[in-house]
Amino acid sequence: MDLFIQLSLTGLTNGAILALAALGFVLIYKSSDVLNFAQGEFLLVGAYVIYAMIAQFGLHWTIGMALTILVSIGVGVTVERLVLRPMIGEPIISVIMVTIGLSSLLKAIVSTIWGNQPKAFPPFIPSQPVRVFGATVGLDRLWAIVIAILMLGLFNFFFRRSKEGIAMRAVADDQQAALSMGISVKKIFAWAWSIAATTAAIGGALVANIVGVGPELAGFGLRVFPVVILGGLDSIPGAIIGGVIIGLLEAYTGGYIGQGLNQVLPFIVLIVILMIRPYGLFGQEIIERV
Amino acid sequence: MLTLNNVEVIYNDVILVLKGMSMQVAEGKIVGLLGSNGAGKSTTLKAISGLLKPEDGEVTDGSIEFLGEAIHHTDAADIVRKGIFQVMEGRRVFEHLTTEENLIAGGYTRRDMNLSDELDMVYSYFPRLKERRAQTAGYLSGGEQQMLAIGRALMAQPKLMMLDEPSLGLAPMLVMEIFGIIKRINEEKGTTILLVEQNANLTLGVADYAYIMENGRIVLEGYPADLRENADVREFYLGLTEVGQRKSYRDVKHYKRRKRWLS
């Protein structure tokens, strides 16, 4: 029983972090139909920036975190401005190719500045073990879960209640019609990319806190794909629940059956779910009036 | 209020769609713009509202002035802020948003955070939308979607509302209802309306002044009463012909008249 709770909590934390990275991915897809292959690199950049803030400049983690968020907003706006704006009006597939290029570029920039060696990293979020239902788990892992839940609530509110959020969904539905009511599509894209970079950076910071920083963190971002396909590419609750499902599955298979299989099983489940629900669990179905 | 002066629009750098289009819309009036498919009506509206750019269109000559200010190089978002709102052809509601969210998106350019006054106003014109406020817009009926499209425009409280074929694909009863509401909006709120239509009879019924467009330019203009009397308009737009004339002769005349129009 202890093992079960232990695995559940580990799975939930990984899931929460996956969900944060996936959230940004969904956001970009939702507002612009673009699959962002550089989402993993956003996570990487976030992790290294917080590493620099805390380990190299010796800032307190709260200040470091705030600065990391500011940097990510900057990264998002810059990417939108320099890479995506010239692509407005081009076929979506070209834009997607550009994000693949962007991912290599970001990776290269990170390894130029910080090198390729993994770096240990003093955990900055207090990580003393706490007992939960008889199992022992690091406090930092609980923090990751709390932060993910907060972000979910925040985003849900943003998209349902705020004018900018509704405008963002409107742009996703019909760009030209949105333009005709004075919604600036460029501004909305900049918003989407900044928020995506920010959530990925928060995810990156949480991962870095647990395992340290290294170039292989971008691989963590790769696991975003099964999460978003499972949850539905355009669903925010889907990203969260997809993240949790994948995280838990990995933890359970790793703990009960053995390491190795846990890398594969999520994909098997993914295929089964997609056979039953091709839009993903919560994906938006195409509305057809008859 | 709105003046188009010899406007030329070219798509993709080669296709000349508007060939010296000139027209005027006076404040507080309903102005009709009639014409058959491909005459350039929608292009005219898009040229005014700045929506040509995403379609690779461009105003290459002439000028568009709104309240004495040239707007043919202004961004679409700024044109909405100046008070021109285009209700696009084919309703174009945001399908995955609810009715109320659609309306809020329409009021995007309003400064105040609280849009409840605007919402109440729209619901007073379209009580049916109030019943459907929480429903996903993609599942509304065609008539309700058209009401939503007009309601969305009302949310922005525009000075000039441009409607692109609001009768498209609707039952005659509904078309009457919607035209009645357009008239009411014009009278009660003083909103100037530019109405693009293929349904000549209805348009001449509500408009204060009308233009007829063929092949990228205006070929005829006048007060509805005068246009109704015009032989060409009667035949080509209202489907009325003189009874009792010999067919063969009329066919020849028809061909010649048609040709003159198109040249």
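Predicted model: local features only at pLDDT ≥ 70, side-chain atom pairs only at ≥ 80, totals over all residues.
The secondary structure of chain B consists of 11 helices and 10 strands. For this chain the radius of gyration is 19 Å, close to the 18 Å that the globule rule gives for 263 residues, so chain B is as compact as a globular protein of that length. The C-alpha trace of chain B extends over about 65 × 40 × 30 Å along its principal axes. Of the 263 residues in chain B, 43% are buried. Among the contacts in chain B with a separation of 6 or more, 69% are made by residues 24 or more positions apart.

An open sheet in chain B is built from four strands in the order β2-β1-β4-β5, with antiparallel pairing. Its edges are formed by β2 (15-25) and β5 (69-70) of chain B, each of which pairs on one side only. Within this part of chain B, strand β1 (residues 2-11) runs antiparallel to β2(B) and is joined to it by eight bridges. One position along this pair is marked by Val9(B), which stands opposite Leu18(B) in β2(B).

The domain assignment divides chain B into domain 1 (2-94 + 158-229) and domain 2 (230-263). Where these domains of chain B meet, domain 1 contributes 12 residues and domain 2 contributes six residues. On the domain 1 side, the elements of chain B that supply two or more residues are α8 (200-206), β9 (209-214), β10 (217-222) and α9 (224-229). The largest share of that side, four residues, is provided by α9(B). By residue class, the side of domain 1 of chain B that touches domain 2 of chain B comprises six nonpolar, two polar and four charged residues.

Chain B also meets chain A: 24 residues of chain B are in contact with 19 residues of chain A.

In chain A, strand β1 (residues 129-132) and strand β2 (residues 135-138) run antiparallel and are joined by four bridges. The two strands, β1(A) and β2(A), form a hairpin with two residues between them. Phe133(A), which lies in the turn, has a positive phi of about 50°. Two of the pairings across this hairpin can be named individually. Pro129(A) has Gly138(A) in β2(A) as its bridge partner, and Arg131(A) is partnered by Thr136(A), also in β2(A).

Elsewhere in chain A, helix α1 (residues 2-32) contains Ala21(A). This residue of chain A, Ala21(A), counts as buried because it has 31 C-beta neighbours inside 10 Å, the threshold for a buried residue being 20 or more. Ala21(A) and Val146(A) are 125 residues apart along the chain, and their C-alpha atoms are separated by 15 Å.

Technical notes: Residues numbered from 1 in each chain as written. Chains lettered and ligands numbered in written order. Contact = placed C-beta atoms within 7 Å. Domains from an automatic or database assignment. Nonpolar A, V, L, I, M, F, W, Y, C, P; charged D, E, K, R; others polar. Rg over C-alpha atoms; globule rule 2.2 N^0.38 Å. Buried ≥ 20, exposed ≤ 12 C-beta atoms within 10 Å, placed from the backbone. Pairing = 2+ DSSP bridges.
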